[in-house]
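Please look over the chain before reading on. The notes below are grouped by topic.

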Amino acid sequence: MRRSTALRALALAAAVGLGATACTDSGGSKSTDAGADRTLVVESTPMPSFTENYNPFDGNSFLSAQNARSLIFEPLFQFNTLKADQPPIPWLAKSFAWSNDNRTLTLALQSGITFSDGKPFTSADVKFTFEMLKANPATNTGGAPLPSSITTPDATTVVLDFDGPQKANFIGIGNQLIVPEHIWSTISSPGNAVVKADQAIGTGPYLVDKFTAQNVTFKVNPAFREKPKVQHVSFPAYATNDAATLALNNGEIDLTGNNITNVQNTFVGKDPEHHHLFQATAPYFPAANTVSLMLNNKSTTSPALADPAVRKAISAGLNRRAYASQCETDYARPATSSGGLLLPADQAMVNPALANDLKPEADAAKVDSLLGAAGWTKDGSGKWTRDGKTIKFTVIDPNSFSDYWCTAQAMAKDLNALGFDVSTNGAFDFNSWNTAITTGNYEAAIHWGQGGTPFQRLQYVLDPGMGAEAGQVAAGDFSKYDSPKVRDAVKAFQNAGDAAAEKTALNTLQQIMSDDVPAVPVFYGAAWYEYNDTDFTGWPNEQDPYINPAPNSQAYEYIILHLSPRG
């Protein structure tokens, strides 16, 4: 399941495939003739048809749904999340500096950049964008930290002052797309306004060329600072993953990010010379997030989950290798560190004490040792009991999430064989499942991680500051875990004055994750990515991992600007 963009596709999964032929900007079929003027075809999210709307702040607009926002509207920095230690890549901004105990951020902008209508890009546009986010919360879809004040000493300098330290959340600031003040100051309700092509003015490499409900094409922005080698980009509409996969196999698509069953045979094997994945061997895709078994530590219906020994025993009882192989079809690797970081991306940041401390298969002896020491004993039916109650809980996941549902059922079977009392419930759609988890109305669930940095990944799972009272919607800490140790470590990271202090705080957070196990790391979820290099070269892959190719707007712009037509 492609978590970053395919949630919208769930409702379309049963739709009839519309096997649209990818079109060039002139309306013909995709050309494979030699020459520079060929069209790059991108399929991002299956949709039966498109609505003309280029609003980057509306999650349902064409640009957002198809991960095409950065073709027009660009971020301040780019980030290669495959390498946690790689510095931010200068983009609209060329450098940054923190001061005032990480409460003040000074940005130095690139000079000489213009918008596609010829107007100059300046610090006033950055100031306007962040002030618009603050005045219109619906526009802040990326969760950027919002400054208390902004000053612009000159046209290429922006100073953002925050109420608290925000260095740890810099990726949210750097990822922010910047819009021109002279256009957006006239747009009311910017969070849901319908933006047509004449208002789709940005600093990005492309302009809207032609729109139809079945295909949207882009042409080069002549004002862009460095002319792209890809002259035209096309986004065809496909109703389902199956229809898109058929077109991909037929050579009609160059770039996509789909979960394709038996991808080696159904895609690579169709044309091994030109059909490629990120890497040639399993798991084939880069790791995108740490998928965990979330355990509600405050569950009133499953009080046993409040016991850290129980949570540790659950972790010891999982057969991670089997779930990654059988349920994720070897597209994911089993989690190896109890600290919760994403591997191999975060390898340099792993607490050495927690490297490779998770066994790939169930450890029955460790389960017995942990529960026995905590006062649990097995009753006549072989179930662990204490004070007359078993370790009873239900794992919820929509059965339409075929991989997670498979894992949930396998977990229940494995844990029950070790004396737990586990059931599963797949009678959820995404909305009801997501509501149950974010409001704390559940016992256990398999869920993907979030965050672009090691700190953010741990903060999402551990930080009570991201949580909420039962019944209220939380942004993170779905396990309802609350520890003064976490609060102190989060504060220490945010206030850290150097990399060594950050590493110390990060090690502490990993140790807390390992010791208390508020959520159980299971496997490293795949970033889906397939490409056809018949017409274009320069793709990111295992040999040249210059960006995480998982479907998102910034990565797609970065990839396309690295491509060159063959011949």
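The model is predicted, and every value here is computed from it. Helix α14 spans residues 499-516. A disulfide joins Cys 327 to Cys 406. Strands β15, β16 and β17 form an open sheet, and strand β1 is mostly covered.

**Helix α14**

- Helix α14 has 18 residues. From first C-alpha to last it reaches 26 Å, close to the 26 Å expected at 1.5 Å a residue.
- At the start of α14, Asp 498 places a side-chain oxygen within 3.2 Å of the backbone nitrogen of Ala 500.
- Just after the helix, Val 517 has a positive phi of about 45°.
- The buried residues are Glu 502, Ala 505, Leu 506, Asn 507, Leu 509, Gln 510, Ile 512, Met 513, Ser 514 and Asp 516.
- In an α-helix there are 3.6 residues a turn, so residues three or four places apart point the same way.
- Which elements do the buried residues of α14 pack against? They pack against helices α7 (308-316), α12 (454-462) and α13 (484-494), and against strand β21 (519-526).

**Gln 510, inside α14**

- Gln 510 is found in helix α14. Its relative accessibility is 0%, under the 20% cut-off, so Gln 510 counts as buried.
- Beyond residues up to four places away in sequence, Gln 510 touches Gly 339, Leu 341, Met 349, Val 350, Asn 351, Leu 354 and Leu 458.

**The disulfide**

- The count comes to 1 disulfide. Cys 327 and Cys 406 form the link, with an S to S distance of 2.0 Å.
- The angle about the S-S bond is -65°, and the link of Cys 327 and Cys 406 is left-handed.
- Cys 327 lies in helix α8 (residues 320-327) and Cys 406 in helix α10 (residues 402-417), so the bond ties together parts that are 79 residues apart in sequence.
- Are the two cysteines buried or exposed? Cys 327 counts as buried, at 9% relative accessibility. Cys 406 is partly exposed, with a relative accessible area of 27%.

**The open sheet β15-β16-β17**

- The sheet has 3 strands in the order β15-β16-β17, with antiparallel pairing.
- β15 (377-378) and β17 (389-390) are the edge strands. Each has a single partner strand, so one side of each is left without a neighbour in the sheet.
- Strand β16 (residues 384-386) is joined to β17 by 2 bridges. The two strands run antiparallel.
- Thr 385 has Thr 390 in β17 as its bridge partner.

- How many residues of strand β1 (residues 39-43) are buried? The number is 5 of its 5 residues.
- Side chains alternate between the two faces of the sheet in a regular strand.
- In β1, Thr 39, Val 41 and Glu 43 point one way. Leu 40 and Val 42 point the other way, and all are buried.
- β1 pairs with strand β10 (residues 232-236) in the parallel sense, over 3 bridges. Thr 39 stands opposite His 232 in β10.
- β1 also pairs with strand β11 (residues 255-256) in the parallel sense, over 2 bridges. Here Glu 43 has Thr 256 in β11 as its bridge partner.

Notes: Residues are numbered from 1 along each chain as its sequence is written. This is a predicted model: local features need pLDDT of at least 70, side-chain atom pairs count only at pLDDT 80 or more; totals for chains, interfaces and linings use all residues. Side-chain values use heavy atoms; hydrogens and water are left out. Helices (H or I, at least four residues) and strands (E, at least two) are DSSP runs, numbered from the N terminus. The expected span of a helix is 1.5 Å times one less than its number of residues. Buried means under 20% relative accessible area, exposed over 50%, partly exposed in between (1.4 Å probe, protein chains only). Contact means heavy atoms within 4.5 Å. A polar contact is a pair of N or O atoms within 3.5 Å; within protein, one must be able to donate a hydrogen and the other to accept it, and residues adjacent in sequence count only if both atoms are side-chain atoms. A disulfide is a pair of cysteine sulfur atoms within 2.5 Å. Two strands pair if DSSP finds at least two bridges between them.
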